[in-house]
Amino acid sequence: MELKDFLALIHPALAVVVVFPLIGMVVNFAWQTRQRRLQTAGKDKSKIPPSVGPEHVKLGRWLTGSVVGLTLVGLAYPIFEHILSDRIWSKAPLQVAFIALMFLDTIASLVLLNMAKKKLWRGVFATLTGAGLVILGCQDGVFRRTHEWYWSHYYIGITAALLMIFALAIQEDIYKDKSNRWRTLHIILNSFAVLLFVGQGLTGTRDLLDIPVSWQKPYIYTCDFNHKTCPTPAER
């Protein structure tokens with residue numbers, strides 16, 4: 001394996017080491033928080049400590065940041081590999097500058113979203129963060145598997161990241177809404193997000209099997225993927 005092949009492993013390595021353990025902790029705290037709330041509402045004395053709620057919120061923020069960061073890492077590798085291999089900086093320097101600014105804008109928007117308290121600004125920064133991910137995902141070099149969008153690592157990942165951003169944006173509203181409509185929406189959407197993360201584990205594993213290392217690409221890409229055939233190697 002060459003250096004570029006090891007760089008391609010940063011994204012899945014971060015997913016395994018950072019994001020998926022965080023998902024497990026957030027789900028665990030979410031379950032305990034709900035159980036404690038139901039027990040308290042039923043006038044029962046709960047053995048679950050009250051600290052589970054704040055811990056769930058804190059870890060949820062960390063999860064959103066980790067998912068967005070992981071998505072940016074996953075997009076950065078194919079985008080900049082395409083820029084370097086096709087020398088895009090010499091053909092379209094403004095496009096390269098725009099891409100770099102979009103990465104910075106997305107990161108800055110996420111930081112500001114974490115700091116924002118007012119609903120207006122939370123909506124603005126959440127929109128900018130999500131738009132940044134979508135715009136970067138539309139750049140050349142990113143493999144989207146659009147013909148199988150329902151089983152695409154890219155589309156599932158972007159959807160999961162957008163749901164995490166939305167969950168962070170409505171966090172203040174959840175605690176202010178006495179009707180629990182925001183809380184119910186939060187539970188439904190994040191339950192769906194957990195299923196998407198499971199799909200990410202499956203599709204990510206599939207893509208790791210599909211993507212050849214750099215020295216194999218000239219040979220692998222001469223194959224006919226539709227008919228699952230490859231040219232017969234020439235005899236020496």
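Reader: Cys223 first. Buried or exposed?
Author: Cys223 is buried, with a relative accessible area of 14%. Bear in mind that this is a predicted model.

Reader: What does Cys223 pair with?
Author: A disulfide joins Cys223 to Cys230, with the sulfurs 1.9 Å apart.

Reader: And Cys230, buried or exposed?
Author: Cys230 is exposed, at 53% relative accessible area.

Reader: Which hand does the disulfide have?
Author: Right-handed, because the torsion about the S-S bond of Cys223 and Cys230 is about 105°.

Reader: How many disulfides does the structure hold?
Author: The structure holds 1 disulfide.

Reader: Lys228 next. What is its phi?
Author: Phi of Lys228 is near 55°, a positive value in a residue other than glycine. Most residues other than glycine have a negative phi.

Reader: Where does Lys228 lie, and is it buried or exposed?
Author: Lys228 lies in the segment after H10. Lys228 is exposed, with a relative accessible area of 76%.

Reader: What about the phi of Arg145?
Author: Arg145 has a positive phi of about 50°, and it is not a glycine. Arg145 sits in the loop between H6 and H7. At 14% relative accessibility, Arg145 counts as buried.

Reader: Which salt-bridge network is Arg145 part of?
Author: A network of salt bridges links Arg145, Glu148, Arg206, Asp207 and Asp210. Within that set, Arg206 forms a salt bridge with Asp207, and their closest N and O atoms are 2.9 Å apart.

Reader: Are Arg206 and Asp207 buried or exposed?
Author: Arg206 is buried, and so is Asp207.

Reader: How many salt bridges does a search of the whole structure find?
Author: The search finds 9 salt bridges.

Reader: Which parts of the chain does the Glu81 pair link?
Author: Glu81 forms a salt bridge with Lys217, with the closest N and O atoms 3.7 Å apart. The pair links distant parts of the chain: Glu81 is in helix H3 and Lys217 in helix H10, 136 residues apart. Glu81 is partly exposed, at 25% relative accessibility. Lys217 is partly exposed too, at 21%.

Reader: Now Lys58. What does it bridge to?
Author: Lys58 forms a salt bridge with Glu55, at 3.6 Å between the closest N and O atoms. Both lie in helix H3, 3 residues apart, which is about one turn of the helix. Lys58 is partly exposed at 43% relative accessible area. Glu55 is also partly exposed, at 28%.

Reader: Switching to H6. How many residues has it, and how far does it reach?
Author: Helix H6 covers residues 119-137, so 19 residues, and reaches 27 Å from its first C-alpha to its last. That is close to the 27 Å expected at 1.5 Å a residue.

Reader: Which residues of H6 are buried?
Author: Arg122, Phe125, Ala126, Thr129, Gly130, Gly132, Leu133, Leu136 and Gly137 are buried. They cover an arc of only 145° around the axis, which puts them on the same side of H6.

Reader: What is on the other side of H6?
Author: Leu120 and Thr127 are exposed there.

Reader: Which helices cover the buried residues of H6?
Author: The cover includes H3 (52-85), H5 (93-115), H7 (153-169) and H8 (171-176).

Reader: H7, then. How many of its residues are buried?
Author: In H7, 13 of the 17 residues are buried, so the helix is largely enclosed by the rest of the structure. H7 reaches 24 Å from its first C-alpha to its last, close to the 24 Å expected.

Reader: What happens at the start of H7?
Author: A side-chain oxygen of Ser152 reaches to within 3.2 Å of the backbone nitrogen of Tyr154.

Reader: Last one, Gln200. Which residues does it touch?
Author: Leaving out residues up to four places away in sequence, Gln200 touches Ser152, His153, Ile156 and Gly157. Gln200 itself is in helix H9, residues 181-210. Gln200 is buried, with a relative accessible area of 13%.

Reader: Which polar contacts does its side chain make?
Author: A polar contact of 3.3 Å joins the side chains of Gln200 and His153. The Gln200 side chain also reaches the backbone nitrogen of Gly157, at 3.4 Å.

Notes:
Residues are numbered from 1 along each chain as its sequence is written. This is a predicted model: local features need pLDDT of at least 70, side-chain atom pairs count only at pLDDT 80 or more; totals for chains, interfaces and linings use all residues. Side-chain values use heavy atoms; hydrogens and water are left out. A disulfide is a pair of cysteine sulfur atoms within 2.5 Å. Buried means under 20% relative accessible area, exposed over 50%, partly exposed in between (1.4 Å probe, protein chains only). Helices (H or I, at least four residues) and strands (E, at least two) are DSSP runs, numbered from the N terminus. The expected span of a helix is 1.5 Å times one less than its number of residues. The arc is that of the directions from the helix axis to the C-beta atoms. Contact means heavy atoms within 4.5 Å. A polar contact is a pair of N or O atoms within 3.5 Å; within protein, one must be able to donate a hydrogen and the other to accept it, and residues adjacent in sequence count only if both atoms are side-chain atoms. A salt bridge is a side-chain nitrogen of Lys or Arg within 4 Å of a carboxyl oxygen of Asp or Glu.
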